[in-house]
Amino acid sequence: MSQAPVRVSPLIKFGRWSLLLVGIAYGAAHQSRLSSKEEKVREIEAQQKVVRDAKLAEEKKRSAEAEARALAELSKPTPKH
């Protein structure tokens with residue numbers, strides 16, 4: 001005993017479709033805006049990465065030199081009294 005489907009008002013149908021299309025348009029605009037912001041952030045991060053990598057390389061070089069000096073100091077024979 002299934003009932004016949006209820007007839008939905010054309011105004012309600014129009015409202016549903018209108019809100020769906022407005023939501024899709026809003027989502028597309030919002031995504032576009034967020035994508036452009038993210039692109040700018042990625043460009044800035046790429047520029048900072050070059051500087052950060054150079055600093056890390058310099059730090060690593062200094063650390064290796066300090067370690068080599070420390071090993072040289074440790075490997076020197078100590079004078080016996």
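Guide: A residue is called buried when its relative accessible area is under 20%, exposed when it is over 50%, and partly exposed in between, with a 1.4 Å probe and with protein chains only taken into account. By that scale Glu-58 is partly exposed, having a relative accessible area of 34%, and of the 81 residues of the chain 0% count as buried.

Before going further, please keep in mind that this is a predicted model, in which local features need pLDDT of at least 70 and side-chain atom pairs count only at pLDDT 80 or more, while totals for chains, interfaces and linings use all residues. Residues are numbered from 1 along each chain as its sequence is written, and side-chain values use heavy atoms, with hydrogens and water left out.

The setting for the pairs is plain, as the secondary structure of the chain comes to one helix and zero strands, where helices (H or I, at least four residues) and strands (E, at least two) are DSSP runs numbered from the N terminus.

Now to the charges: counting Lys and Arg as positive and Asp and Glu as negative, with His and the chain ends not counted, the chain has 16 positive and 10 negative side chains, and the centres of the two sets lie 11 Å apart.

Side chains of opposite charge can pair when their charged atoms come close. A salt bridge is defined as a side-chain nitrogen of Lys or Arg within 4 Å of a carboxyl oxygen of Asp or Glu, and by this rule the count comes to four salt bridges.

One of them joins Glu-58 to Arg-62, with 3.6 Å from N to O, and these two residues are four apart in helix H1, so that about one helical turn separates them.

Another links the side chains of Lys-49 and Asp-53, at 2.7 Å from N to O. Lys-49 and Asp-53 are also separated by about one helical turn, because they are four residues apart in helix H1, which covers residues 10-75. Lys-49 is partly exposed at 42% relative accessibility, and Asp-53 is partly exposed as well, at 34%.

A further salt bridge is formed by Lys-76 with Glu-73, whose closest N and O atoms are 3.5 Å apart. Here Lys-76 counts as partly exposed at 49% relative accessibility, whereas Glu-73 is exposed, with a relative accessible area of 52%.

Terms used: Charge placed at Lys NZ, Arg CZ, Asp CG, Glu CD.
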